[in-house]
There are 2 protein chains.
Amino acid sequence: MKPIADIAKLVDITEEDLEFYGKYKAKLSPDIWEKVKDRPDGKLILVTAMNPNPAGAGKTLTTIGLSQALNKLGKRTIAALREPSLGPCLGMKGGATGSGNAQILPADEINLHFTGDIHAITSAHNLLAAMIDNHIYHGNKLRLNPKKIVWKRAMDMNDRSLRSIVIGLGDGNGQTREDGFMITTASEIMAILCLSENMDDLRERLGKIIIGYDLDDKPVTPADIKAVDAMCVLLKDALKPNLVQTTEGTPVIVHGGPFANIAHGCSSVIGTRLALKLADFVVTEAGFGADLGAEKFFDIKCRKAGLTPSAAVLVITARALKYNGGIPVAQLHEENLDALRAGFANVRRHIENLRSFGIPVVVALNSFATDTEAEHNLVISMCEELGAEVALSQVWAKGSDGGLDLAAKVVAAADSPSSFDYLYDDQLPIREKIETIVKKLYRGSGVIFSKAAAQTLRKAEEMGLTHFPVCMAKTPYSFSDQPEQLGAPSDFTIHVSEIRISAGAGFLVVLTGSLVTMPGLPKVPAAESVAIGEGGQIIGLA
Amino acid sequence: MKPIADIAKLVDITEEDLEFYGKYKAKLSPDIWEKVKDRPDGKLILVTAMNPNPAGAGKTLTTIGLSQALNKLGKRTIAALREPSLGPCLGMKGGATGSGNAQILPADEINLHFTGDIHAITSAHNLLAAMIDNHIYHGNKLRLNPKKIVWKRAMDMNDRSLRSIVIGLGDGNGQTREDGFMITTASEIMAILCLSENMDDLRERLGKIIIGYDLDDKPVTPADIKAVDAMCVLLKDALKPNLVQTTEGTPVIVHGGPFANIAHGCSSVIGTRLALKLADFVVTEAGFGADLGAEKFFDIKCRKAGLTPSAAVLVITARALKYNGGIPVAQLHEENLDALRAGFANVRRHIENLRSFGIPVVVALNSFATDTEAEHNLVISMCEELGAEVALSQVWAKGSDGGLDLAAKVVAAADSPSSFDYLYDDQLPIREKIETIVKKLYRGSGVIFSKAAAQTLRKAEEMGLTHFPVCMAKTPYSFSDQPEQLGAPSDFTIHVSEIRISAGAGFLVVLTGSLVTMPGLPKVPAAESVAIGEGGQIIGLA
């Protein structure tokens with residue numbers, strides 16, 4: 001690792017604009033924006049993926065490797081990534097900082113407390129929760145309906161026991177009521193922080209959150225509770241983007257990490273906009289597959305922040321193709337060309353979908369050690385049949401050298417003419433926005449709304465929120481709302497069970513099926529094998 | 001403020017041993033200890049206080065001001081202070097970083113997230129809690145009794161609604177059981193971190209925490225749950241002391257902040273021991289009045305860490321004297337010499353008590369703007385009648401210049417012969433340890449143990465914990481367990497309601513009366529007036 005000041009120098013940031021967190025992490029001062037805001041933007045590349053097998057496709061890995069390779073090609077490049085959440089790192093999945101020769105460093109610190117951003121969001125979230133119950137306790141002047149408080153509590157930990165709880169038991173402990181915890185990355189504050197342009201924007205958005213309803217069923221906000229300014233104070237540093245580096249010394253802005261189902265799953269607007277002023281290329285990623293992640297990146301993040309992506313990279317793996325071709329997880333390491341052919345239907349649709357946003361697509365075939373040459377060749381030829389640019393990506397094994405072909409194709413794609421546009425118009429009725437996504441992208445035949453969902457839809461319209469984009473919360477494994485419908489299903493119906501109003505983030509969350517916003521730990525949590533090694537380094541996380 | 005590297009230089013710490021958190025905060029590398037451990041220790045001065053009026057006595061203020069004044073007298077001095085907890089700062093009390101011309105800086109950051117230590121403790125605490133319930137969920141191999149889990153959850157927020165809750169409701173969400181949250185500073189992990197000498201010690205202590213009992217009523221520990229190493233990983237940086245500065249550029253180590261009732265209420269052993277190697281004088285404080293704070297400082301912290309204090313400073317105020325003389329809070333600003341005389345009984349006893357530990361005592365009369373000269377003169381003459389050294393402290397108004405007399409007297413006291421010893425011997429039976437404190441220090445006539453307390457006492461003895469010191473949890477307002485018995489009550493009985501085993505921290509918590517480990521917010525929380533000001537600074541906290 002190089003001192004973070006040296007990494008900052010690569011993109012012309014001086015020490016006076018850095019706030020150091022140790023030797024290898026720094027926050028970027030808001031003052032930088034004033035100095036660079038009139039520069040032209042670099043090119044924005046989105047890394048997204050096909051529907052994944054349960055082990056993931058390697059989006060973060062590819063984002064890091066591609067940014068390293070672009071730098072090697074002489075393009076000044078910054079990667080813009082999400083912050084890992086501590087809870088899941090200690091639960092099922094281990095770290096979220098890439099791997100092999102395409103990692104961000106210091107990986108262990110980024111995976112754990114990092115610069116404290118997620119802790120700050122937890123604090124702001126729970127301060128608001130405490131102030132709500134305290135308001136009720138001290139007389140409830142706002143006439144909040146204790147049965148209609150929708151603001152839960154938050155913790156950055158996988159703790160299923162806190163999903164559904166009763167609070168305020170015992171004498172003198174406030175109103176007894178049902179409540180629950182969500183993981184902090186699912187907090188609307190996380191989504192808000194990631195969509196805010198600056199502190200004023202953050203303050204305004206926080207003030208609009210709907211925390212519950214009063215006895216007349218009118219929404220109540222943090223502004224009513226007088227919590228907004230204190231929340232801003234707690235979030236003051238969390239709003240500043242974090243600078244780290246890749247294994248090859250490429251600058252990386254790691255900032256914000258909202259859930260990819262009930263939120264939009266992209267790193268911060270502040271970080272992305274700043275990176276675009278500092279670099280020729282900014283490579284960023286979105287959560288889950290392109291049906292969820294890319295759609296939200298385009299229709300929520302790019303729309304809200306006025307960003308225009310120059311190209312999309314679709315990460316695919318032979319394993320995910322076979323999985324989508326019907327092969328169980330345990331057999332994914334075996335060569336199976338028929339399953340590859342069957343599973344390619346999934347890739348084809350994602351390519352078509354991405355093209356429908358008006359931007360060029362480059363397919364990155366992320367190589368695994370268990371892949372065979374025949375598999376690689378077949379996948380590449382199927383892509384080429386579609387007229388899609390495709391490159392074998394070997395960044396895990398070779399770092400930037402394994403991504404040069406991909407990088408060259410991305411540069412060419414980004415230089416080619418494009419006409420980016422959103423999937424739907426702001427002014428379309430909410431119901432039609434949802435139907436557009438379902439029919440045009442998912443290729444379903446229609447949408448069925450539950451009574452509760454239809455009711456919230458009407459409420460949102462009455463509240464004048466028709467112009468909000470929608471944020472789909474759907475299984476990442478299928479285009480449909482059934483995780484077992486792999487490949488390229490069609491003519492299915494999407495069932496909307498519930499709609500939640502994220503009035504501060506500025507979108508409507510459309511839930512299909514039940515949604516867990518607080519993960520549980522597996523039987524053997526990753527935490528059991530995490531330790532401090534002999535030399536003081538952290539082992540068992542990556 | 002000076003750059004923190006310049007402050008570090010004052011005590012011969014070089015940049016390579018600093019981990020910067022912004023420009024004005026740094027963590028001190030564990031490598032420093034190896035370089036300085038063979039040096040002689042500086043002199044350790046404890047700042048404690050008489051029983052307070054509800055507004056507090058100014059211990060932190062005096063600790064900071066005295067350390068500045070000692071520096072001005074040419075003594076190389078470091079102050080060693082506790083970290084403020086975020087929750088109370090946003091609740092009742094505002095910040096905890098001194099005030100006027102005796103503050104630690106950057107006050108707002110120290111009062112909020114600081115370097116993330118308390119967040120790390122929250123994470124480690126809640127990881128353990130999640131792993132306990134997850135263990136039960138996945139088959140409960142250890143046969144944990146869900147009705148006898150004593151490890152609660154923790155949050156650094158004043159949130160009375162979380163004191164008593166039911167968790168695990170709903171399908172698939174684990175064992176339904178009663179639970180509750182404590183504020184993080186009340187976590188045994190905080191006490192452990194503050195008593196640990198190094199990472200190995202921390203690991204060993206964490207492994208010994210009693211989290212609950214199995215169906216055979218045998219204690220279960222984090223080691224059984226396989227949580228210890230992951231907890232150490234989460235606490236890796238929190239274990240490193242933090243360096244900041246006072247308004248006059250005196251170095252301050254701010255590290256750890258355990259509750260002063262169910263824990264020992266002192267800053268970290270690591271920080272104090274390091275400071276003693278780096279400075280001629282180390283000025284530190286303990287929680288509440290001397291009956292609780294000083295006793296625990298001597299009998300727990302000094303005993304466990306092998307520290308020998310050279311002198312104690314007893315902070316008194318005319319206001320607290322009048323309060324102890326029976327004057328209500330609203331009238332404390334009025335001159336009342338009779339009440340001063342009556343309240344002095346409280347001071348007299350504290351002086352006697354502190355002397356009984358074998359060290360010299362200097363009384364610091366912390367001056368308030370509402371005090372009269374007649375009041376000051378009377379208090380000083382009463383102290384002198386007792387043969388006690390006394391100095392008027394005006395550090396709030398004048399910084400170090402207001403503390404020079406106090407500092408000179410502290411230097412003289414620390415140079416005078418002393419024979420520090422603990423109040424009771426390690427090997428005394430637990431019951432007698434408690435009786436010794438009650439009779440010798442509090443001047444009560446005896447102790448009554450509840451059935452539950454007596455039962456836990458027997459259990460602790462069976463578990464071989466007789467050698468543990470005791471940690472008294474008592475009202476800070478009275479020598480007795482009744483907060484309204486002000487002044488110098490005697491012949492009262494102390495009622496022990498419960499005893500808790502802090503097997504990792506290494507003490508037995510003796511509860512007198514009921515104890516709230518999760519504060520609530522007042523009707524108008526401090527959070528309502530906290531905001532980011534025009535220039536980006538935080539207002540409303542101090």
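The structure is a predicted model, in which local features need pLDDT of at least 70, side-chain atom pairs count only at pLDDT 80 or more, and totals for chains, interfaces and linings use all residues. Residues are numbered from 1 along each chain as its sequence is written, chains are lettered from A and ligands numbered from 1 in the order in which they are written, and side-chain values use heavy atoms, with hydrogens and water left out.

**Stop 1: the two chains**

Display chain A and chain B together. A rotation of 180 degrees, with 0.0 Å of shift along its axis, superposes chain A on chain B with an RMSD of 0.0 Å (copies are superposed by least squares on the C-alpha atoms of residues with pLDDT of at least 70 in both). This relation is that of a two-fold axis. To locate the axis, select Tyr21(A): its C-alpha is the nearest to the axis in chain A, at 2.2 Å. Of the interface residues of chain A, 100% are also interface residues in chain B, so the copies meet through the same surface. Contact here means heavy atoms within 4.5 Å.

**Stop 2: a sheet in chain A**

Helices (H or I, at least four residues) and strands (E, at least two) are DSSP runs, numbered from the N terminus. Two strands pair if DSSP finds at least two bridges between them.

Which residue of strand 13 stands opposite Gly212(A)? It is Val220(A).

Next, select Arg143(A), which lies in the loop between helix 6 (117–137) and strand 7 of chain A. The phi of Arg143(A) is near 55 degrees, a positive value in a residue other than glycine. Most residues other than glycine have a negative phi, and most peptide bonds are trans.

**Stop 3**

Select Leu105(A) and Pro106(A): the peptide bond from the former to the latter is cis, with omega near -5 degrees. Pro106(A) is in the loop between strand 6 (102–105) and helix 5 (107–111) of chain A. In chain B, the bond from Leu105(B) to Pro106(B) is also cis, with omega near -5 degrees.

**Stop 4**

Axes are lines fitted to C-alpha atoms, for helices over the stretch in contact, and angles run from 0 to 180 degrees between N-to-C directions. Angles under 35 degrees count as roughly parallel, over 145 as roughly antiparallel, 65 to 115 as roughly perpendicular and the rest as oblique.

Select helix 3 (residues 59–72) and helix 17 (residues 404–415) of chain A, which pack at an angle of about 75 degrees with their axes 8 Å apart. The two helices are therefore roughly perpendicular to each other. Among the residues that meet are Leu66(A) and Leu70(A) of helix 3 and Val410(A) and Val411(A) of helix 17.

**Stop 5**

Select helix 6 (residues 117–137) and helix 7 (residues 188–195) of chain B; they pack at about 125 degrees with their axes 9 Å apart. That makes helix 6 of chain B oblique to helix 7 of chain B. The contact includes Ile118(B) and His125(B) of helix 6, and Met190(B) of helix 7.

**Stop 6: a sheet and a helix in chain B**

What is the order of the four strands in the open sheet of chain B? The order is 20-22-23-21, with mixed pairing. Strand 20 (446–449) and strand 21 (470–473) of chain B are the edge strands, each pairing on one side only. Six bridges join strand 22 (residues 493–502) to strand 23 (residues 507–512) of chain B, which run antiparallel. Select Glu498(B) to find one of the bridged residues; its partner in strand 23 of chain B is Leu511(B). Finally, select helix 18 (residues 430–442) of chain B, which packs on the sheet and touches strands 20, 21, 22 and 23 of chain B.
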